[in-house]
Amino acid sequence: MSLILRAASLADATPAGVICHAAFKTIAERHAFPPDFPDAESAIGLLGHLISRPDTYSVVAELDGRVAGYAYVNAYRTRPAYRFTVEDSVYIAPDAQGKGIGRALLDRLATYQEKTMALKSKIKSALMYPISVIVVAFLVLTVIMIKVI
């Protein structure tokens, strides 16, 4: 068993969409729900859209040279109250389940998200000094202007 995790590309939308459609179809049939995707093409279109979005991190798992799983993570909502909340989904081909692929994909998403949050924190911290210098300079300039005029 040769498992490779890599960034998803648009070429992966078709196999990942087929896996996603099969997963939702199985759940819908088992519980008598209406299907989320009427056909595989709908799922392929959605995953193609997600893979192409710059704010979505998508990963595929290849098992012995074929796509056996797909996962993504993105912001749950853009509203400030949800700024620390993300949405993730993991889909595994039925014949590849029980082999640790889902755990590997979820670990990859979690690692990516932790690194992203750490980077955002560093950027915010790095911006605090220049902002405080600008504020102090503005205050000093204001005081000088008031005293001179």
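Tyr-112 has a relative accessibility of 32%, so Tyr-112 counts as partly exposed (buried means under 20% relative accessible area, exposed over 50%, partly exposed in between, with a 1.4 Å probe and protein chains only). Tyr-57, at 19%, counts as buried. This is a predicted model, where local features need pLDDT of at least 70, side-chain atom pairs count only at pLDDT 80 or more, and totals for chains, interfaces and linings use all residues. Residues are numbered from 1 along each chain as its sequence is written, and side-chain values use heavy atoms, leaving out hydrogens and water.

Rings of Phe, Tyr and Trp (its six-membered ring) pair if their centres lie within 6.5 Å; planes under 30 degrees apart count as stacked, over 60 as edge-to-face and the rest as tilted. The count comes to six aromatic pairs. Tyr-57 and Tyr-112 are stacked because their ring centres are 3.8 Å apart and their planes lie at 5°. This pair links distant parts of the chain, 55 residues apart: Tyr-57 is in strand β2 (residues 57-63) and Tyr-112 in helix α3. Helices (H or I, at least four residues) and strands (E, at least two) are DSSP runs, numbered from the N terminus.

Tyr-76 and Tyr-82 make an edge-to-face pair, with 5.4 Å centre to centre and 65° between the planes. Tyr-76 is partly exposed at 35%, and Tyr-82 is partly exposed at 29%.

Elsewhere, Phe-24, Phe-37, Tyr-70, Tyr-72 and Tyr-91 form one aromatic cluster.

Phe-138 is exposed, with a relative accessible area of 56%.
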